[in-house]
Amino acid sequence: ENLTSGIPGQHQVENAAVALAAIACLADRWPIDETSIRQGLATAYCPARLELFPGEPQLLLDVSHNLPSVEALARHLETEISAERRILLFSCSQDKDSEGMLACLLPQFDDVIFTRFTGNPRAADPGTLHDQAASWLEENPATDFQRRHPRLSTCQHPVDGWERALELAGPDDVICIAGSFFLAAEIRPMLRERISAPLNQST
């Protein structure tokens with residue numbers, strides 16, 4: 001009882017419960033004392049798993065890359081992230097259920113920027129992702145999305161997508177980077193470099 005997970009997200013609570021069950025099953029052979037269990041859960045850390053960099057704007061980096069993980073991201077945005085506007089920088093692999101992921105994510109954002117990661121040839125084409133999103137929005141009117149009306153754009157390089165997100169974001173907004181481990185790996189160093197830099201406001 002009264003345990004704390006160092007990794008955010010309700011789904012991580014479920015993962016922690018699985019870990020506790022495994023510890024209990026192995027207790028006769030490899031016992032772990034309660035203090036160590038509590039400390040281990042509380043200090044657990046995984047980069048780019050709903051990793052929030054506070055500031056103006058907030059920056060949320062997540063490696064969600066399939067439908068269950070983007071559903072977890074959407075729940076986290078609804079319950080844990082307070083922001084005036086939400087901006088998504090998105091890329092995924094060609095073999096992923098991009099249409100399913102976009103159907104889950106589009107209602108959560110005001111601006112969606114599609115890009116491609118450069119470190120792996122499996123990256124989906126940003127134009128294809130844009131067309132899938134536009135088609136879905138035509139069939140699902142944005143007026144149903146809790147006052148959010150997603151605007152779509154593309155950037156062929158993740159650096160350009162990141163800069164575009166910064167231009168769009170105000171101090172009370174959140175920029176979310178999601179869709180792929182590959183995208184997270186490319187963006188995270190840039191994010192860490194820019195976290196203390198002043199917001200690049202467009203005129």
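A nonpolar core is here a set of buried Ala, Val, Leu, Ile, Met, Phe, Trp, Tyr and Cys residues joined through side-chain atoms within 4.5 Å, where buried means under 20% relative accessible area, exposed over 50% and partly exposed in between, with a 1.4 Å probe and protein chains only. The model on screen is predicted, so that local features need pLDDT of at least 70 and side-chain atom pairs count only at pLDDT 80 or more, whereas totals for chains, interfaces and linings use all residues. Residues are numbered from 1 along each chain as its sequence is written, and side-chain values use heavy atoms, with hydrogens and water left out.

**The cores**

Select Leu 73, Leu 88 and Phe 90, which touch the most other members of the largest nonpolar core, a set of 25 residues. Then colour the elements that give two or more residues to this core: helix H3 (67–80), strand S3 (86–90), helix H4 (98–105), strand S4 (111–114), helix H5 (126–139) and strand S6 (174–178); helices (H or I, at least four residues) and strands (E, at least two) are DSSP runs, numbered from the N terminus. A second, separate core holds 23 residues, among them Leu 59, Ala 165, Ile 175 and Met 190.

**Around Phe 90**

Centre the view on Phe 90, which counts as buried at 0% relative accessibility. Neighbours within four places in sequence aside, Phe 90 is in contact (heavy atoms within 4.5 Å) with residues including Met 101, Leu 102, Ile 113, Phe 114, Leu 129 and Leu 183.

Next, display the aromatic rings: the whole structure holds 2 aromatic pairs, a pair being rings of Phe, Tyr or Trp (its six-membered ring) whose centres lie within 6.5 Å, with planes under 30 degrees apart counted as stacked, over 60 as edge-to-face and the rest as tilted. The ring centres of Phe 90 and Phe 114 are 6.2 Å apart and their planes stand at 90°, so this pair is edge-to-face. Because Phe 90 lies in strand S3 and Phe 114 in strand S4, the pair ties together parts that are 24 residues apart in sequence. Phe 114 is also buried, with a relative accessible area of 0%.

Move on to Phe 117 and Phe 182, whose rings form a tilted pair, 5.0 Å centre to centre with 35° between the planes. Phe 117 sits in the loop between S4 and H5 and Phe 182 in helix H7 (residues 181–194), 65 residues apart. Phe 117 is buried at 1%, while Phe 182 is partly exposed at 30%.

**Charged pairs**

Now show the charged side chains, where there are 8 salt bridges, each a side-chain nitrogen of Lys or Arg within 4 Å of a carboxyl oxygen of Asp or Glu. Select Asp 111, which counts as buried at 4% relative accessibility and forms a salt bridge with Arg 85, the closest N and O atoms being 2.4 Å apart. This pair links strand S4, where Asp 111 lies, to Arg 85 in the loop between H3 and S3, 26 residues apart. Asp 111 also meets Arg 151 in a salt bridge at 2.9 Å between the closest N and O atoms; Arg 151 is in strand S5 (residues 151–154), 40 residues from Asp 111. Salt bridges that share partners join Arg 85, Asp 111, Arg 151 and Asp 173 into one network.

Finish at helix H2 (residues 34–43), where Arg 38 and Glu 34 are 4 residues apart, separated by about one helical turn, and their side chains meet in a salt bridge of 2.9 Å, N to O. Arg 38 is partly exposed at 29%, and Glu 34 is exposed at 53%.
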